[in-house]
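Work through each task before reading its solution.

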Amino acid sequence: MALSLSRLRLFHELSELGTISAVARALGQTRPAVSQQLALLEREAGAVLFERSAGGLRLTTKGQQLLDRVTPLLQLAERIEAELDEKDGPPAGELRLAAFGSVATSIVPSRALGYLHKTHPLIDASFVELEPTEGLKATVAKQVDIAIVDDYADASAYQQALEFHPLYVDALSAILSSDHRFAKADLTSIELKDLSNEKWAINQTAVAYQQNLTNACLAAGFEMKIGCSARNISATLEMVRTGQFVTVLPGLAVQPLDKDPDFRVLPIAPALHRHIFSAVPKGTSRRPIVAAALAALERTALNCRL
């Protein structure tokens, strides 16, 4: 019996998402329908491909062997589909884009998607806010066409499935109340160690960012004294506004603060950076709508640097 490409896609997504329920949600199908298709794939392959464990589903040896063969096959199929999409006329079709908080308020959706709509009105774009790790998973699972992520997220497990396009280098800055003694000292930058005795306000939802900042502080010789653990950047900044807390945030997250008299933004020295990328499934960047969207994102990111 010949192997079905559509069922091989299901199997690949199962290996990434870990559960049949997650695959069903990603594809908008019912769980029984996905289970039935995977059972048919096992019958076609003549082997048990996965088994249940305490942590979810685990690939068998045969399943892992099949997955190793399937991944380059699906990438080839993506490239063929992209080539077939290349046709005369303007790019048209559905585009699904994901980005995390600070990028969502600076590069997309208002800027990049606004420009994309003006230049390519036949592209039907939609947007969802996802933290970088979730964006990587959604892109591998084909829930989105492009995810904007940063290098704080561990992308090592996705190197074979995704391609990454550099988008922006974002410098981190210390955010202080304008009444803070460092704000009044007429400094042009500040060292991380200078904040060792301060109480910090932290955005706890950005887990990878918080971990990287914690590591940077430890490397500077101190441990953050977290006095406020908020669930978003807005709440974090409101606590800093009181003058009782400080924080360190990426540049994209604090661009509006330059015009707010209640805050002082000081670059960190030596500089701390995060690198931002557009992630797409391998072989899809040649699709006209994806190529148009990547170009719009790169144009908008360039304008952010100017």
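**Exercise 1. Describe the chain as a whole: contacts, size, burial and confidence.**

Step 1. Of the contacts in the chain with a separation of 6 or more, 74% join residues 24 or more positions apart; a contact means heavy atoms within 4.5 Å.

Step 2. This is a predicted model, in which local features need pLDDT of at least 70, side-chain atom pairs count only at pLDDT 80 or more, and totals for chains, interfaces and linings use all residues. Residues are numbered from 1 along each chain as its sequence is written, and side-chain values use heavy atoms, with hydrogens and water left out.

Step 3. The pLDDT (the predictor's confidence in each residue, from 0 to 100) averages 89 over the chain, and 97% of the residues score at least 70. Among the elements, helix α2 (residues 20–27) has the lowest mean, 80, and β5 the highest, 96.

Step 4. The chain contains 11 helices and 11 strands. These are DSSP runs numbered from the N terminus: helices are H or I with at least four residues, strands E with at least two.

Step 5. The C-alpha trace spans about 75 × 50 × 30 Å along its principal axes. Of the 306 residues, 44% count as buried, where buried means under 20% relative accessible area, exposed over 50% and partly exposed in between (1.4 Å probe, protein chains only).

**Exercise 2. Find the enclosed cavities and state what lines each of them.**

Step 1. On a 1 Å grid over the protein atoms alone, a cavity is a set of points where a 1.4 Å probe fits but cannot get out, while a pocket is an open set with protein on both sides within 12 Å along at least five of seven lines; lining residues have an atom within 4 Å of a point. Grid points are joined across faces, edges and corners, and a volume is the space filled by probe spheres set on the points.

Step 2. The search of the whole structure finds 2 cavities of 30 Å³ or more.

Step 3. Residues lining the largest cavity include His 12, Thr 71, Glu 78, Lys 142 and Lys 282. Helix α4 (residues 61–85) gives the most to this lining, with 4 residues. By class, the lining has 4 nonpolar, 3 polar and 3 charged residues. Here Ala, Val, Leu, Ile, Met, Phe, Trp, Tyr, Cys and Pro count as nonpolar, Asp, Glu, Lys and Arg as charged, and the others, Gly among them, as polar.

Step 4. The second largest cavity holds about 30 Å³. Leu 95, Leu 97, Ala 112, Leu 113, Leu 116, Ala 293, Ala 296 and Leu 297 line the second largest cavity. Two or more of its lining residues come from each of β3 (93–99), α6 (112–119) and α11 (288–305). The lining divides into 8 nonpolar, no polar and no charged residues.

**Exercise 3. Which residues of helix α7 (residues 132–140) are buried, and what covers them?**

Step 1. The buried residues of α7 are Pro 132, Gly 135, Leu 136, Ala 138, Thr 139 and Val 140.

Step 2. Their cover includes α1 (5–17), β5 (146–150), β6 (162–177) and β11 (273–281).

Step 3. After α7 comes Lys 142, with a positive phi near 65°.
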